[in-house]
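Let's work through a few exercises together, one step at a time. Keep the sequence and the 3D view open as you go.

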Amino acid sequence: MNWMDILQECAQKMRKAALRYYGSPKAAVGFGVGAGGDTSKRIDLAAEKALIDCLGKHEISCTLVSEEAGTKKIGLGPSEHYVITDPVDGTTNAVRGLPFSANVIAVSKTPWLKDVETAIVSDIVHDITYTAQKNGGAFRNGKRIEPSKTANIEDALIGVDLNTIKLEDIVNKLGNLFKAGKHFRHFGANAQEICYVADGSTDAFIDLRGKLRVTDMVASYLILREAGGIIVTPEGKELNVPLEATQRLSFIAASNNKLYKAIKNTLNN
Ligand SMILES: [Mg+2]
């Protein structure tokens, strides 16, 4: 079974399902709270259904771990793989028609982040596809990507997740970084923002809130590592958490070790 071919097909179907509602008031209609803890909106469920239908078409038996549906057995046969998805990452942008959102799918043989083997992040509006296979490099629309060589904070373009962040965390944890740096961004679609580090569009992305779900970053984690970048806990440890819809984490993603160390030291000061 060629997972990458299947994920490419499924991601395009999810993308088309999401585009039917993109920027329309219909996209935002809520259908209760999803497994990840946020309200499942019509656009999320449409993309999730497109994935489940696509897996069904290929007669795949697996354990689906989805931000909306939670953990769910798919297919009639024994399950040898976990398929982890955030059907739409950046739903708030998608509902408002802002062009930063992605379909996220990853495949692992175990329920652990470090074992993810195949990953895809599909930029819904721009039709840009980021892919990676373990030990096989990372790609943007089929072309090999690598992160930037920017090594100091002053020159770096740094993404920071600021959604519902505590004011004291901005001051105590990020204050020195904001003093040392010049260029900061938050696009509101973490899956994509980590891919921007992988392809050198930005130099780092930081989420210290402890609120990001593993379903949001599971595919980008492999894509950034395969591109040659760094993604670790804020303390510098390996990121390895269970692949569950409720699992949350903090991390620092950086284009290279020098920049990672500079950011880490600035945060600790
Ligand atoms: Mg989502």
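**Exercise 1.** What covers the buried residues of α1?

*Solution.* Before we start, note that this is a predicted model, where local features need pLDDT of at least 70 and side-chain atom pairs count only at pLDDT 80 or more, while totals for chains, interfaces and linings use all residues. Residues are numbered from 1 along each chain as its sequence is written.

Step 1: find the helix. Helices are DSSP runs of H or I with at least four residues, strands are runs of E with at least two, and both are numbered from the N terminus. Helix α1 takes in residues 3–19.

Step 2: list its buried residues. A residue is buried if 20 or more other C-beta atoms, placed from the backbone, lie within 10 Å of its own; it is exposed at 12 or fewer, and partly exposed in between. In α1 these are Ile6, Leu7, Cys10, Ala11, Met14, Arg15, Ala17 and Ala18. They cover an arc of only 165° around the axis, which puts them on the same side of α1; the arc is that of the directions from the helix axis to the C-beta atoms.

Step 3: look at the cover. It includes the helices α2 (42–57) and α3 (91–96), along with the strands β5 (82–89), β6 (102–108), β7 (116–123) and β8 (128–133). Contact here asks for C-beta atoms, placed from the backbone, within 7 Å.

**Exercise 2.** Find the order of the strands in the open sheet, and its edges.

*Solution.* Step 1: two strands pair if DSSP finds at least two bridges between them.

Step 2: follow the eight strands in the order β4-β3-β5-β6-β7-β8-β9-β10, with mixed pairing. The edge strands, each pairing on one side only, are β4 (70–74) and β10 (143–144).

Step 3: zoom in on one pair. β7 and β8 run antiparallel and are joined by six bridges. Ile120 stands opposite Thr131 in β8.

**Exercise 3.** Does the span of α2 agree or disagree with what its 16 residues should give?

*Solution.* Step 1: the expected span is 1.5 Å times one less than the number of residues.

Step 2: for α2 this gives 22 Å, and its end C-alpha atoms are 22 Å apart, so the two agree.

Step 3: check its surroundings. Among the buried residues of α2 are Ile43, Leu51 and Leu55. Just after this helix, Glu59 takes a positive phi of about 55°.

Notes: Two residues are in contact if their C-beta atoms, placed from the backbone, lie within 7 Å.
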